[in-house]
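Subject: Structure handover

Hello,

Here is the structure I said I would pass on.

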Amino acid sequence: MATMKFLCDTKRCIECNGCVTACKNENDSALEWGIQRRRVVTINDGKPGEASISVACMHCSDAPCMAVCPANCFYKTEDGIVLHDKDTCIGCGYCFYACPFGAPQFPQKSVFGGRGKMDKCTFCAGGPEENHSDKERKQYGANRIAEGKLPMCAELCATKALLAGDAEVVSNIFRERVASRGSNKAIWG
């Protein structure tokens, strides 16, 4: 079985935020105000060595969010996609502090008080509800994986900087890109 992963090629990312918009549009019914499952971060903005990277949940093999959750709302699919059950989530925020990528998000309903249910990137794989049910779409967004498609953010990346899919295939594509960079025979490295 394939292990699904994201990879962002910083040499190709042009900080267009197309991945952010694609994610928001594909999952709009599931996202509360203030939730942004994907974002683009730029390092050394305007200086030599500037690089942009599209960041979301990286669906870690040994996910720290799963390790610290007292409600056990996180689970991993056969594809290695880390998902969560919003009905089980207690909104404690432990996952937020444990994640090195800042993937868990909480709705910004009020300044004080409870955070509400956590939300994060689902790799467009829905949630624990029945595939393509109205409840799944409203709570978790699109389930493109069940349709045999890749996440919308990677599908719509104009420069193909954001890669998603089987980890072996993704790493082979990236390996070929790195090997061809600097070659005068490469069309676009």
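Glu-26 is buried, because its relative accessible area is 17% and the cut-off for buried is under 20%. Keep in mind throughout that this is a predicted model. Glu-26 belongs to helix α1. Apart from its neighbours within four places in sequence, Glu-26 is in contact with Arg-137, Ala-142, Arg-144 and Met-152.

Which other residues of helix α1 are buried? Helix α1 spans residues 18-26, and its buried residues are Cys-19, Val-20, Ala-22, Cys-23 and Glu-26. They sit on the same side of α1, because the arc they cover around the axis is only 165°. The cover over these buried residues includes the strands β2 (39-43), β3 (51-55) and β6 (162-166), along with α4 and α5 (152-155).

**The chain as a whole**

The chain has 6 helices and 6 strands. Along the sequence, they come in the pattern β-α-β-β-α-β-β-α-α-α-β-α. Along the principal axes, the C-alpha atoms fill a box of roughly 55 × 40 × 30 Å.

Of the 189 residues in the chain, 43% are buried. If you take the contacts with a separation of 6 or more, 55% of them are between residues 24 or more positions apart.

**Aromatic rings**

How many aromatic pairs does a search of the whole structure find? The search finds 3. A pair of aromatic rings is described by two values, the distance of the centres and the angle of the planes.

Take Phe-6 and Phe-123 to begin with. Their ring centres are 4.5 Å apart and their planes meet at 45°, so this pair is tilted. Phe-6 is in strand β1 (residues 4-8), while Phe-123 is in the loop between α3 (94-98) and α4 (134-140), so the pair ties together parts that are 117 residues apart in sequence. Both Phe-6 and Phe-123 are buried. Phe-6 also has a charged residue over its face: Arg-38, at 4.5 Å from the ring centre.

Phe-96 and Phe-106 are another aromatic pair, this one edge-to-face, with 6.4 Å from centre to centre and 70° between the planes. Phe-96 is in helix α3 and Phe-106 in the loop between α3 and α4, so here the parts tied together are 10 residues apart in sequence. Phe-96 is partly exposed, with a relative accessible area of 38%. Phe-106 counts as buried, at 12% relative accessibility. Together with Tyr-97, Phe-96 and Phe-106 form one aromatic cluster.

There is also a lysine to look at: Lys-86 lies over the face of Tyr-140, at 5.6 Å from the ring centre.

**Cysteines**

A disulfide is a covalent bond between the sulfur atoms of two cysteines. The structure holds 0 disulfides. Cys-16 is in no disulfide either, and the nearest cysteine sulfur, in Cys-157, is 6.3 Å away.

Are these two cysteines buried or exposed? Cys-8 counts as buried, at 14% relative accessibility. Cys-16 is partly exposed, with a relative accessible area of 49%.

**A loop residue**

Now turn to Gly-49, which is in the loop between β2 and β3. Gly-49 is exposed, because its relative accessible area is 58% and the cut-off for exposed is over 50%. Not counting residues up to four places away in sequence, Gly-49 touches Ile-43 and Asn-44. Gly-49 and Lys-120 are 71 residues apart along the chain, and 30 Å separates their C-alpha atoms.

Regards

Key:
Residues are numbered from 1 along each chain as its sequence is written. This is a predicted model: local features need pLDDT of at least 70, side-chain atom pairs count only at pLDDT 80 or more; totals for chains, interfaces and linings use all residues. Side-chain values use heavy atoms; hydrogens and water are left out. A disulfide is a pair of cysteine sulfur atoms within 2.5 Å. Buried means under 20% relative accessible area, exposed over 50%, partly exposed in between (1.4 Å probe, protein chains only). Rings of Phe, Tyr and Trp (its six-membered ring) pair if their centres lie within 6.5 Å; planes under 30 degrees apart count as stacked, over 60 as edge-to-face and the rest as tilted. Helices (H or I, at least four residues) and strands (E, at least two) are DSSP runs, numbered from the N terminus. A charge sits over a ring if NZ of Lys or CZ of Arg is within 6 Å of the ring centre and within 35 degrees of the ring normal. The arc is that of the directions from the helix axis to the C-beta atoms. Contact means heavy atoms within 4.5 Å.
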